[in-house]
2 protein chains.
Amino acid sequence: MAEFMTETEERASGVPGPGAPGEPREKTGEGTGPADAQEAAAQLERTRALVDPELRAAVESLPGSMRRIGLYHFGWQQADGSPAAGNAGKAIRPALVLAAAAALGGPAARTAAVRAAAAVELVHNFTLLHDDVMDRDTTRRHRPTAWTVFGDTDAILAGDALQALALRLLAEDPHPASVPAAARLAACVVELCEGQHTDTDLEQRAPEAVTLDEVLAMAEAKTGALLGCACALGALYAGAGEEEVAALDGFGRQAGLAFQLIDDVIGIWGDPRHTGKPAGADLAARKKSLPVVAALTSGTPAAVELAQLYGKPYREEAAEAGEIARIALAVERAGGRDWAQAEAADRMARAMQELARAVPDPEAAGGLLALAEFVTRRTS
Amino acid sequence: MAEFMTETEERASGVPGPGAPGEPREKTGEGTGPADAQEAAAQLERTRALVDPELRAAVESLPGSMRRIGLYHFGWQQADGSPAAGNAGKAIRPALVLAAAAALGGPAARTAAVRAAAAVELVHNFTLLHDDVMDRDTTRRHRPTAWTVFGDTDAILAGDALQALALRLLAEDPHPASVPAAARLAACVVELCEGQHTDTDLEQRAPEAVTLDEVLAMAEAKTGALLGCACALGALYAGAGEEEVAALDGFGRQAGLAFQLIDDVIGIWGDPRHTGKPAGADLAARKKSLPVVAALTSGTPAAVELAQLYGKPYREEAAEAGEIARIALAVERAGGRDWAQAEAADRMARAMQELARAVPDPEAAGGLLALAEFVTRRTS
């Protein structure tokens, strides 16, 4: 499963939009396009400007080695401690915290939620540090991963320290929402752990031993949960009631699932406009991504062919002889591509319904909508 | 460095007491002996009875695999999910939380602090899960460690989940002290991480490249910090002021260092009464324990001989030919044993001073004192 907010996020595509009833955009009569993309980009930039000082101060408060590894991981320092240009990712999650706070509480709530936004970003980066160790991933944001530079032990410890730092930030925040926010973020961490467990477990199983429901549940726990939690924390900081908080959590979760579905489609067929990652990379790695499992469990003749192809380990000669293309075609013929695109549209429609429930005013909901469209690459 | 509250804790010894001025025990005119040991044992038993239901409910609230690994690690389940007799350790840290709360706030504060005690024990067990992965330790509490049963990934994830669970317990605790307690516990986790980093770093260095100050700082971060935090949390739950909280933190830290020094002495010369771990095990593993580093940096002729012996990797033939005994003798002749015993006595004296500052009434301080004496094995 491709990791959210890594190189894959550099890609952009035009995937079918949901066009669902209840989508706030329809009420304003606007389509999606460059204007929304600019809106999202402006939000992400503003988020970095607001949250980075808090985030960096938190990482710099760490002792010795934890500080060094943290600063390296966030792209603020080279491995030798010299300054680096900084590429701490696109800040989608903190942007969701701030946008949710602003949607329900206006600019004052946005400002008040900066620490919560930093806490969510710390949790995200704690999971990246640990996931990279577990998955033996060697590149993150175009740089060697922390474990390849500092070793497994120090990468794990730095991740542990970032989790603690996130919860300390909230515990030290005098805002009345900080305590329920901390409880919610801690509960989300447990869900993320179970999601990562399921991901590694599914990857070890035979292709035919994996169900679509399992992969969907894994994607929700691993990707949807923290996006939902980010939105929920923003709502809490705006003083929202339980129902609005739950609706915004649902919005983030469903948008997260839509993102994952689309990311998986790009991981097989590549990006129609840009190509950040070579098309077929997930197939070469025999990833049990959502379109593949949908295809494998489709009961079609193409599913049988796919199971046979996927059961063989990757060999460069076979890949060069067109095996990857044959696998992609089998997934497509078994309906995996169509299913993923329809499911993504459906998830986005559900996200829009949740958003309309929490934030009925389309103008107020605009920021969150632009971010959801940005992550699902309906605009670029 | 021997891990606190493992098999090593089964050992007991009579090491020299501090006999320092300001020691509350002197005021009552009591010596240390079987009565104190019984008092400590009774406290630990009462702690288990109070804290275990909270702890177990928390671990049972985890999803699927995290729950399974947690229940195994705490000794409540076998690896296959069947019930186990349960050996979750001696509960020193939760006992310190409850004893500190009782010392400053009486029985009501003790009862109120049960959740905080469970949170501290969860943090302790999160670090055990991760340390065992990093140190490749295969036995914990007489059972195979979690990573040997469930794999590195799941052991790391279960540790992550226990940390989150600890901070969630505090965030969901309506007690007014829960928020500063959460901030303090999170800050302590950062210190524990840095301590574990330093420990693994020191073990990789050449013996002559390690200073005594570094090993003492490491022992304070890795062992003292959480004992201090446990006492501080108890004080917070008793409504104590900043100075009392700081003094009780200092008490726990100093007692923790005394424990580590004595544990290191036992790791070389064995226990004069019981022998849980074979004498010399730490020497065979070439551990840079406190007496060894004190000896190596003593500037004595024996230090030169020790450096030569310690520089050679362990070989069974050499060990059988009396090499371990020669190393132990060199550490002793270089003054490592005397230094460690004097330093342990000094740390206990400092612990007593901190305790007297926070809890001037010897009767009220009795519970904490009995626990400190128990962990430093002045009584058994």
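**Group meeting: a predicted two-chain model**

I'll start with one side chain: that of B:Thr127, which reaches the backbone oxygen of B:His124 at 2.6 Å. That is a polar contact, meaning a pair of N or O atoms within 3.5 Å; within protein, one must be able to donate a hydrogen and the other to accept it, and residues adjacent in sequence count only if both atoms are side-chain atoms. B:Thr127 sits in helix 5 of chain B. Helices here are DSSP runs of H or I with at least four residues, strands are runs of E with at least two, and both are numbered from the N terminus. B:Thr127 counts as buried because its relative accessibility is 14%. The cut-offs are under 20% relative accessible area for buried, over 50% for exposed, and partly exposed in between, with a 1.4 Å probe and protein chains only.

Some housekeeping. This is a predicted model, in which local features need pLDDT of at least 70, side-chain atom pairs count only at pLDDT 80 or more, and totals for chains, interfaces and linings use all residues. Residues are numbered from 1 along each chain as its sequence is written, chains are lettered from A and ligands numbered from 1 in the order in which they are written, and side-chain values use heavy atoms, with hydrogens and water left out.

Now chain A as a whole. Chain A has 17 helices and two strands. It has 380 residues, of which 62% count as buried. Among its contacts (heavy atoms within 4.5 Å) with a separation of 6 or more, 78% are between residues 24 or more positions apart.

How is chain B placed relative to chain A? A rotation of 180° with 0.0 Å of shift along the axis superposes chain B on chain A, at an RMSD of 0.0 Å. The two copies are therefore related as by a two-fold rotation axis. The superposition is by least squares on the C-alpha atoms of residues with pLDDT of at least 70 in both copies. Both copies use the same surface, as 100% of the contact residues of chain B recur in chain A.

On to the interface. There, 32 residues of chain B are in contact with 32 residues of chain A. The two chains bury about 2800 Å² between them, 73% of it on carbon and sulfur atoms. Buried area is the accessible area (1.4 Å probe) lost when two parts are put together, summed over both. Across this interface there are 14 residue pairs in polar contact, both residues at pLDDT 80 or more. On the chain B side, the elements giving two or more residues are helix 3 (64-73), helix 5 (114-135), helix 7 (152-171) and helix 8 (178-204). Helix 8 of chain B gives the largest share, twelve residues.

How many salt bridges cross the interface of chain B and chain A? The rule finds zero. A salt bridge is a side-chain nitrogen of Lys or Arg within 4 Å of a carboxyl oxygen of Asp or Glu. Over all chains, the count is 42.

Three examples. A:Glu354 pairs with A:Arg357, their closest N and O atoms 2.8 Å apart. These two are three residues apart in helix 16 (residues 336-358) of chain A, so about one helical turn separates them. A:Glu332 and A:Arg337 form a salt bridge at 3.5 Å, N to O. A:Glu332 is partly exposed at 34% relative accessibility, and A:Arg337 is partly exposed at 24%. In chain B, B:Arg168 meets B:Glu172 at 3.1 Å, N to O. Here B:Arg168 is buried at 17%, whereas B:Glu172 is partly exposed at 40%.
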